[in-house]
Amino acid sequence: RHSAARPPRIAPLSDYPELARQGRPARQGARFNLCCACMGCAQSTEGVSPAVSLALTYERLALDGWTDEDLTAFIGAVSAQGKLPEYDQILAAAKHPSLPEEDHTGAAFFDALAWYTDKTVIRRLDGQLTLADVDAAVDLWARQYADAAIQGGDATGRRQKWKLLQKLKLIEREIKGRAAGGQGSFYPYSPHELNQVDASKPWNEANTIDTAEEFEARVIAGSYAQPVLVKYGLPYCAHCLLLEHLGSVPAAAEKYRGKVDVVKLWWDPHDPAKADITAVARAQGVTSSPFFMVYSAGKVVAQGYAFPDENGDGLEDLLAGVV
């Protein structure tokens with residue numbers, strides 16, 4: 001995938017001291033002033049070579065942290081000039097994402113993220129996520145993101161990896177704050193509690209489909225009144241549990257209140273007690289999770305993998321044309 005004979009790199013701005021002395025503009029609102037004509041530049045690049053223009057763009061975007069949109073646009077600009085993106089530069093950018101405009105705080109968020117990172121990357125599950133663990137996870141997910149961004153294709157999967165990178169930077173900051181306060185260079189969490197679904201939560205009790213009869217009434221019949229979004233989850237699926245502990249599905253229900261009814265269905269082919277509800281999931285064609293289906297007038301009108309965040313964002317593509 002990454003051959004030894006790489007294309008010429010996009011030279012950093014430091015290779016052009018006469019341009020470096022010109023200074024660098026700050027962000028303008030939510031977007032950058034990009035120094036590349038094909039990326040919507042508001043600043044003239046007359047007399048500046050395309051290679052230098054890209055170098056200026058890279059340096060400027062690296063100042064405050066990248067967004068997924070900025071980085072994919074940059075890769076497109078490189079490709080438009082007949083070049084291949086320099087992998088190491090894309091990787092470095094992926095490891096320096098801008099933080100979400102609304103910083104996530106609170107024990108529930110960091111507990112879920114620490115558990116998920118340990119379970120899926122470190123696999124130690126000792127109840128402590130260290131800075132070294134975060135670095136290892138950032139390296140892994142940044143490489144996966146860089147591969148996805150350069151190759152193109154699965155935009156949903158790419159954006160999911162970007163959101164994970166942003167979350168890792170938030171917990172990195174949290175761990176550094178704990179260390180500065182003398183609490184240790186790690187984040188503590190409870191592996192046992194986070195490795196299961198809390199069915200007793202009020203939202204879960206009211207909106208979890210447990211029987212075929214409930215599915216018929218709430219989903220099939222209910223979808224004649226308004227569309228119904230069903231999240232199918234496996235209780236041993238790490239990403240399903242991450243969505244559970246982040247409160248992603250209830251957040252989506254709140255976001256689409258009055259437009260879409262949102263419910264959960266937990267199926268498990270290894271649990272005889274869930275044989276009936278597992279048969280429902282299989283009858284709907286579900287083979288893995290987290291999987292989402294949208295029903296309207298008794299029929300499936302949209303389906304696919306989705307990874308909503310703790311604000312309920314991330315279902316826009318799935319619900320396009322439905323709401």
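Are Lys264 and Glu244 buried or exposed? Both residues are buried, where buried means under 20% relative accessible area, exposed over 50%, and partly exposed in between (1.4 Å probe, protein chains only). This is a predicted model, in which local features need pLDDT of at least 70, side-chain atom pairs count only at pLDDT 80 or more, and totals for chains, interfaces and linings use all residues. Residues are numbered from 1 along each chain as its sequence is written, and side-chain values use heavy atoms, with hydrogens and water left out.

**The chain as a whole**

- The protein chain has 14 helices and six strands. Helices (H or I, at least four residues) and strands (E, at least two) are DSSP runs, numbered from the N terminus.
- The chain has 323 residues, and 46% of them count as buried.
- Contact means heavy atoms within 4.5 Å. Take the contacts between residues at least 6 apart in sequence: 70% of them join residues at least 24 apart.
- The accessible surface of the chain comes to about 15,300 Å². Carbon and sulfur atoms account for 51% of that surface. Accessible areas come from the Shrake-Rupley method with a 1.4 Å probe; for residues, only the protein chains shown count as cover.

**Salt bridges**

- Side chains of opposite charge can pair when their charged atoms come close.
- A salt bridge is a side-chain nitrogen of Lys or Arg within 4 Å of a carboxyl oxygen of Asp or Glu. By this rule the count is 14.
- Lys264 and Glu244 form one of these, at 2.6 Å from N to O. This pair links distant parts of the chain: Lys264 lies in strand 4 (residues 261-266) and Glu244 in helix 11 (residues 238-246), 20 residues apart.
- Lys167 and Glu310 form another, at 3.6 Å from N to O. Here the partners are 143 residues apart, with Lys167 in helix 7 (residues 155-180) and Glu310 in the loop between strand 6 (299-305) and helix 14 (316-319). Both Lys167 and Glu310 are buried.
- Asp126 and Arg124 also meet in a salt bridge, at 2.7 Å from N to O. Asp126 is partly exposed, with a relative accessible area of 41%. Arg124 is partly exposed too, at 37%.

- Salt bridges that share partners join Lys95, Asp139 and Arg143 into one network.
- Arg143 sits in helix 6 (residues 131-151). Its relative accessibility is 36%, so Arg143 counts as partly exposed.
- Which residues does Arg143 contact, leaving aside its neighbours within four places in sequence? They are Tyr87 and Leu91.
- The C-alpha atoms of Arg143 and Ala92 are separated by 9.4 Å, while the two residues are 51 apart along the chain.
- Why is helix 4 (residues 87-94) described as largely enclosed by the rest of the structure? Because six of its eight residues are buried. Those buried residues are Tyr87, Gln89, Ile90, Leu91, Ala93 and Ala94.

**A charged patch on the surface**

- Asp210, Glu213, Glu214 and Asp276 gather in a patch of negative charge on the surface.
- Patches are made of residues with over 30% relative accessible area and no salt bridge; like charges are joined within 9 Å, and nonpolar side chains (Val, Leu, Ile, Met, Phe, Trp, Tyr) within 5 Å.
- Asp210 is found in the loop between helix 9 (202-207) and helix 10 (212-221). Asp210 is partly exposed, with a relative accessible area of 47%.

Methods: Lys and Arg count as positive and Asp and Glu as negative; His and the chain ends are not counted. The place of a charge is taken as NZ of Lys, CZ of Arg, CG of Asp or CD of Glu.
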